[in-house]
Amino acid sequence: MSYLFSPLTIKSITLRNRIGVAPMCQYSAIDGVAQAWHMSQLGSKAVGGAGLVITEATAVLPEGRITPACMGLWNNDQVEALKPIIAFIKSQGAVAGMQLAHSGRKGSSAPPWIGGQQLTDAEGGWDTLGPTDAPFDDDGTRLWKTPKQMSQTDIDRVQDGFVAAAGRAVEAGYELLEIHCAHGYLLHSFLSPLVNTRNDGYGGDLRGRAKFLLETTQKVREVWPQHLPLAVRLSMTDWVEGGLTVQDNIQVATWLKDLGVDLVDCSSGGATPAARGSINGGITQQVGMAADLRQSTGLMSMAVGEITQADQAENIIVTGQADIVLLAREMLRDPYWPTHAAQQLGVEVAQVMPPLHQFFIAR
Ligand SMILES: Cc1cc2nc3c(=O)[nH]c(=O)nc-3n(C[C@H](O)[C@H](O)[C@H](O)COP(=O)(O)O)c2cc1C
């Protein structure tokens with residue numbers, strides 16, 4: 001028997017297995033609207049057998065996109081484009097998750113393969129927001145915009161954006177919602193002492209720095225159906241002396257639990273240039289952080305970071321380090337990873353194969 005391939009019920013949804021596709025920016029939307037590319041990328045992972053397919057960081061407001069080609073959920077055209085994609089994911093037996101985000105001071109950037117630098121207004125960029133007016137990097141090696149220090153009005157507007165986008169996610173058919181509070185984007189930038197040096201109620205000690213996240217989560221929980229799971233992605237460590245620690249994040253997760261959050265997606269890094277990136281440098285340690293969080297808070301955890309092998313994923317679930325494993329780059333390499341993992345673990349592949357594949361190639 002495989003634990004990786006055992007179903008998992010969270011609130012009213014049941015995942016067919018514990019394998020999830022991590023949120024991955026596709027840099028392929030037009031005006032925040034999903035395209036055929038998104039159907040292909042997300043749909044193929046559902047056909048490939050994943051239990052959960054999480055859509056990329058999707059901006060709650062136009063200026064909350066990382067790049068001009070990032071997805072958004074601030075209008076109805078964006079909802080309509082997502083509906084057939086979500087319906088297809090469901091038709092293939094997977095659960096569709098949405099990651100809602102605001103890029104903060106790291107927004108207005110070019111896609112990575114064009115350099116990732118911030119864009120001037122003339123290049124199609126926009127003004128950015130942050131807890132203070134400190135840019136992401138001010139060593140002068142490349143252009144990083146000076147963000148606007150957010151006022152209470154700005155905070156209210158962004159929170160309204162999260163609430164409205166959560167409502168649109170319900171309408172589009174999503175069954176799991178994840179709030180993005182990692183990788184140096186807006187909510188994480190408020191949480192991290194490396195970035196947030198405010199001296200009002202949204203700064204100071206951990207509770208003050210968490211205020212923006214906690215208020216946003218509470219408001220989202222009010223509109224996100226009670227019977228559906230709510231997740232938060234945290235950067236479990238800032239990797240930098242004086243930054244957020246695993247213990248800090250366990251405390252934050254405890255507060256989130258009180259607000260009705262069901263599971264935490266344990267990532268790391270990204271707050272400052274000195275903090276390690278979210279896709280390299282020690283991220284295998286994130287699995288242990290997911291285990292610590294699960295043990296300390298009683299919340300469900302999602303582990304992510306260089307999970308590539310079937311027995312590795314099976315072991316993470318068997319040893320109770322996480323409830324779900326999320327794979328990102330390995331799913332780009334092989335959208336049929338769950339099918340191949342099932343074969344390696346001796347699991348009946350019918351669980352992860354559509355009928356056509358079962359009939360013609362599983363026998
Ligand atoms: C192309 C790409 C896009 C990504 N976009 C997002 C994103 O939208 N939101 C997010 O929280 N993390 C994003 N990540 C990080 C992944 O979700 C994941 O945490 C990271 O890649 C580590 O997992 P892996 O080792 O399985 O790739 C992205 C990673 C990649 C490779």
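Which residues point one way from strand 9, and which the other way? The close-ups below, taken from a predicted model, begin with this strand.

**View 1. Strand 9 and the residues on its two sides.** Leu230, Val232 and Leu234 point one way, while Ala231, Arg233 and Ser235 point the other way. Strand 9 spans residues 230–235 and is mostly covered, with 6 of its 6 residues buried.

**View 2. Pairing of strand 9 with strands 8 and 10.** Strand 8 (residues 176–181) pairs with strand 9 in the parallel sense over 5 bridges. Strand 10 (residues 263–267) also runs parallel to strand 9, joined to it by 5 bridges. Arg233 of strand 9 stands opposite His180, and its bridge partner in strand 10 is Asp265.

**View 3. Helix 1 and its cover.** Helix 1 (residues 36–47) has 12 residues and reaches 16 Å from its first C-alpha to its last, close to the 16 Å expected. Buried in this helix are Gln41, Leu42, Gly43, Lys45, Ala46 and Val47. Their cover includes strand 3 (19–21), strand 4 (52–59), helix 2 (76–91) and helix 9 (329–333). Gly49, which follows helix 1, has a positive phi, near 110 degrees.

**View 4. The shell around the ligand.** The ligand is surrounded by 23 residues, the closest being Ala22, Met24, Ala57, Ala328 and Arg329. Strand 4 and helix 9 are the elements that give two or more residues to this shell. By class, the shell has 12 nonpolar, 6 polar and 5 charged residues.

**View 5. Ala303 in the largest nonpolar core.** This core has 102 residues, of which Leu100, Ala303 and Val325 touch the most other members. Leaving aside residues up to four places away in sequence, Ala303 touches Cys266, Gln286, Val287, Ala290, Ile316, Gln321, Ala322, Val325 and Leu326.

Methods
Residues numbered from 1 in each chain as written. Predicted model: local features only at pLDDT ≥ 70, side-chain atom pairs only at ≥ 80, totals over all residues. Core = buried A, V, L, I, M, F, W, Y, C linked by C-beta atoms within 7 Å. Buried ≥ 20, exposed ≤ 12 C-beta atoms within 10 Å, placed from the backbone. Contact = placed C-beta atoms within 7 Å. Helix = DSSP H or I, 4+ residues; strand = E, 2+ residues; numbered from the N terminus. Expected span 1.5 Å × (residues − 1). Near = placed C-beta within 6 Å. Nonpolar A, V, L, I, M, F, W, Y, C, P; charged D, E, K, R; others polar. Pairing = 2+ DSSP bridges.
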